[in-house]
Amino acid sequence: MMINRAIINFDKSILDQIHNRSLELLQDCGIRFPSEKALEVFRSKGFRANGQTVYFEEKAIIDALGTVPAQFTIKARNPEKSICIGGGDYMMAPGYGPPFIIETTGEKRDATLEDVHKFCKLVQTSKCLDFNSSIVVQPNDVPTETAHLDILLGTILLTDKPLMGSTSSEVAALDSLRLAEKIWGNTNDPVMISLVDSLSPLQYADESVESLMVYAKAGQPVVVHSACSLGTTGPITIAGSLVISNATTLAGICLSQLLNPGTPIVYGLGGSPTEMRTGGYVNASPEDAKHTAIVTALARYYGIPCRSQGALTESFCLDYQAGMESAMMMTTAALSGVDVSLHTCGTYGSMLAMSFEKFIADEDLCGSLKKLIKPVEFSEEAFAMDLIKELGTSGNYLMQNHTMKRCRTAFFEPVLSTRAIHIKWQQMELREMDKRAGKILADRLSSYEKPDIDPMLERDLVRYVEQRKGV
Amino acid sequence: MTVKEIFDAVLAFDEATVTGKTQAELDGGTDIDAILNDGLISAMDEVGERFSSGELFVPEMLMAAQAMKAGLAILKPHLSAGQSQSKGVVVIGTVKGDLHDIGKNLVSMMMEGAGFEVVDLGVDVESEAFVKTAAEKNAQVIALSALLTTTMPSMESTVKAVKEAGMATRTIIGGAPVTQAFADQIGADGYSADAPGAVKLVKELVA
Ligand code: B1M
C-alpha cells in the first residue's frame, strides 16, 4: 500500500513542474540585481536585461547547475575537523543573526562580543556542531562597520572548526577572505562558507550579491538561500512559494557559476507563514518544515547539497513549545536528508534572540538526531545470531561480552534530558531544565581550552583586525 | 438604502457594494458628512477594533481599508475643505542601509486604512529624503522602521536631522530590535512595538 504522507511523496513530475515553472518566471519576470558589478557580468555573457532586471534562459540555468559540485570539503584549522558537505553527513552550525540574548528570567538584553566568545567556546566543545556561524549573535558593543572582524577573529582564535565568512557587505566579505588567507595562504580550496540571502520577491540586495561575487571569484562555498513570508512577500501557497524562491536561488547560483564555474554551492529555499492576525513572521511551523522536505528533494533533483533552517521556535523560554517546534524543524531536516542546517543551537523567538540554555538543550536534540539518522549496522556481529541461539529463551544479555563491549557506545546518551526514575527526579537539586542547562553551561565554559595556534599567526590576525579597525 | 449598508459593506470587504452604495447615497442627496463619518470612517474604526482584538486577519483588514478608500474616492470631489478626508500626513520608510519592509508596509497600510495620507519612501531611505519629503508634504509625522541593530543608528541621524531642520514634524520609530528605551535615547517622539500601536500613536500625536 502506498502511504500518502504529504511531505515524503514527491513524484518526479512535481519536481519537474516546480523546475519548469521556475524557468518560466526566470524568463518572463526576471530577477532584480541592483548591483552594477553583477549586471556587468550578466551583460558581458549576453543575458537579456532591462534596467536592473536580468532574464534567464533555460540553457544558462542548466549550464550553471551542471558545474556546481555535488560535494566539497571545507578545511578547518584543525584538519581533523574539516567537513565534507554533500557526502551524506548532516552538518550543523549554531544560531545566525540574533541581536539579543534572552536570559532564564525572560529578560531580553543586547548581545555583546563577550557573548560571541562564549558561544565560540561552546561550539568548540560541542559534540554535535560541525562549523561556526558568522553572526552567532550580532554584538551591540562594538562598531557595526567592523563587527564582522571582531566576530571572525574571535571565532578563529577560540575554535578550530570550519568558519563562516561575512556577507554583510563586499568589504566584509573581502576582510573574511584576507583573514582566511593568513591561515591558509592564497588558496582556491574551500576554507570558509557563507550565507547569501536573496530579497524576496525575485531580487537580491546589492551587498548580498556583491558578497556572493567576492566568494565565488575566490572559489569559496556559498549557501544561496531564498525564502518568502508566505502571503506577504510571496504567494500564501507552498507551491507558489517554492517556485518563486527556486527561481531566485537558481539565478544566484547562475551568477556564481558565470564568475567561477565549479564554485561550491549549497542550495537553500525556505518559506515561513505570515501570522495572519498580526502580519508577523513565523519561523517554526509545519509549513516551514514542509518546505525543508520538498527543498531537499529539489536539491537531490539538481544534484547539489542543500541547507535548511534549524532548531527554530517562536518561544522565549525553555518550555514545551520550544522543544516541540525545534524538534519538528530539525527532525524533518534530518529525515529528509538535509546536508547543512544553520540555526541549529540556541535560537529563540523567531530568530531574534539566542539563549545559552537553549543552546545546551538543542545540542541534545541535534545529538539524538545525528544518532537517529546513522545507518543501522547489519553486520554478522550486529545480528548476534550465535548469542541469541546460545541464550535461547532464558538468557540475560547484560552479562555478555557482546553487551559489555558496546554498553558505552550503543545508545545515545543525553546530556541534559533526564532519564531518572521519579523519586530521583524529585530529589534533584536542579529539577527545571533551564537550571540544569545552566549548570552544564558553567562546567563547559570553565573546562574550555583554547585550541593551539601558532603565536606568529595569532599576532598576524590580531594585527590585521587592529589595522582595519584603526586601533 | 441606508448609510448603514455602506458600513456593513466595508466590514464585508465588499468594494463593489461600497462604491455602488456610496454613489447611490450621494445621488440620493444623503448628507455627505453622514456617508463619510457614519458609513466609511466609523466602519474603519470598527475594522481597527476587530483587527486589534484578533478577530480580523491582516488581509481582511487591508481589503476593508481598500473598500473604504474606494468609497472615499467617490466622495472626494464633493468634499469641502472643512471635510478633509485625511486625518494627517505621515511620511514613512525603512531607514538607510536596511531593506526589510514587511513590517513597514504593514504599518503604512494600516495608517492608510485609518485615514491618514501616507507617503511611503520605501527602503534604504536617507535622512535627507525623510526631511525633504516631510517638508514638501507638510507632514505631521515621520515614521521610521528598522529591522537591523546595525541600521538603528540611521534612525538617530534622521531624528537629529528633523530637529536640526527646525521642523515641527514628530518622529516615531519601530521594528523588531527597536525599543522604547532607544526611542527615548535618540529623542524620538514615540515608539510602538506593532502596527496597530503605531496607528494609535500617530492618532495621539496629531490630535
Ligand atoms: C514607525 O513606527 C513603526 C512602528 C512599528 C513598527 C515599525 C515602525 N516597523 C515595524 N514595526 C512593528 O510593526 C510590525 C507588525 O506589527 C512589526 O514589524 P517587523 O518587521 O518586526 O515584523 C514583520 C511584520 C515580520 N518580520 C519580518 O519581516 C522580519 C523577519 C526576519 C526573519 C527577516 C527577514 C524576513 C528578512 N531578512 Co533579515 N530578517 C530578520 C527577521 C527576524 C525577525 N523575526 O524579525 C532579521 C531582522 N534579519 C537579519 C539579518 C542578519 C539579515 N536580514 C537580511 C535579509 C532578509 C530578507 C531579505 C531575507 C528578509 C526581508 C524581506 C523583506 N522584504 O523585508 C539581510 C540584511 C538585508 C538588509 N540590508 O536589510 C541580513 C543581514 C542577512 C544576510 N546575511 O543577508 C537579522 C538581524 C540581525 C541584526 N543585526 O539585527 C534577523 C533578526 C534574522 C536573523 N536572525 O538573522 C513590528 O516590529
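Modeller: With a relative accessible area of 43%, F383(A) is partly exposed, a label for values between buried (under 20%) and exposed (over 50%), using a 1.4 Å probe and protein chains only. This is a predicted model, in which local features need pLDDT of at least 70 and side-chain atom pairs pLDDT 80 or more, while totals for chains, interfaces and linings use all residues; side-chain values use heavy atoms, without hydrogens or water. Residues are numbered from 1 along each chain as its sequence is written, with chains lettered from A and ligands numbered from 1 in the order in which they are written.

F383(A) sits in helix 12 (residues 380-383) of chain A; helices here are DSSP runs of H or I with at least four residues, strands are E runs of at least two, and both are numbered from the N terminus. Together with V376(A), F378(A), M385(A), I388(A) and Y397(A), F383(A) makes up a nonpolar surface patch with about 610 Å² of accessible area. Areas come from the Shrake-Rupley method with a 1.4 Å probe, and for residues only the protein chains shown count as cover.

In soluble globular proteins, nonpolar side chains tend to be buried together.

Among the contacts of Y267(A) beyond four places in sequence are V224(A), I253(A), L298(A) and P305(A), contact meaning heavy atoms within 4.5 Å. P305(A) lies in the loop between helix 9 (286-302) and strand 14 (306-308) of chain A and is buried, at 1% relative accessibility. Its contacts beyond four places in sequence include P69(A), F72(A), I85(A) and D339(A).

Finally, D130(A) and K370(A) form a salt bridge, with their closest N and O atoms 2.6 Å apart. D130(A) is in the loop between helix 4 (113-124) and helix 5 (147-158) of chain A and K370(A) in helix 11 (residues 356-373), so the pair ties together parts 240 residues apart in sequence. D130(A) is buried at 17%, while K370(A) is partly exposed at 22%.

How values were computed:
Patch = residues over 30% accessible without salt bridge, like charges linked within 9 Å, V, L, I, M, F, W, Y side chains within 5 Å. Salt bridge = Lys/Arg side-chain N within 4 Å of Asp/Glu carboxyl O.
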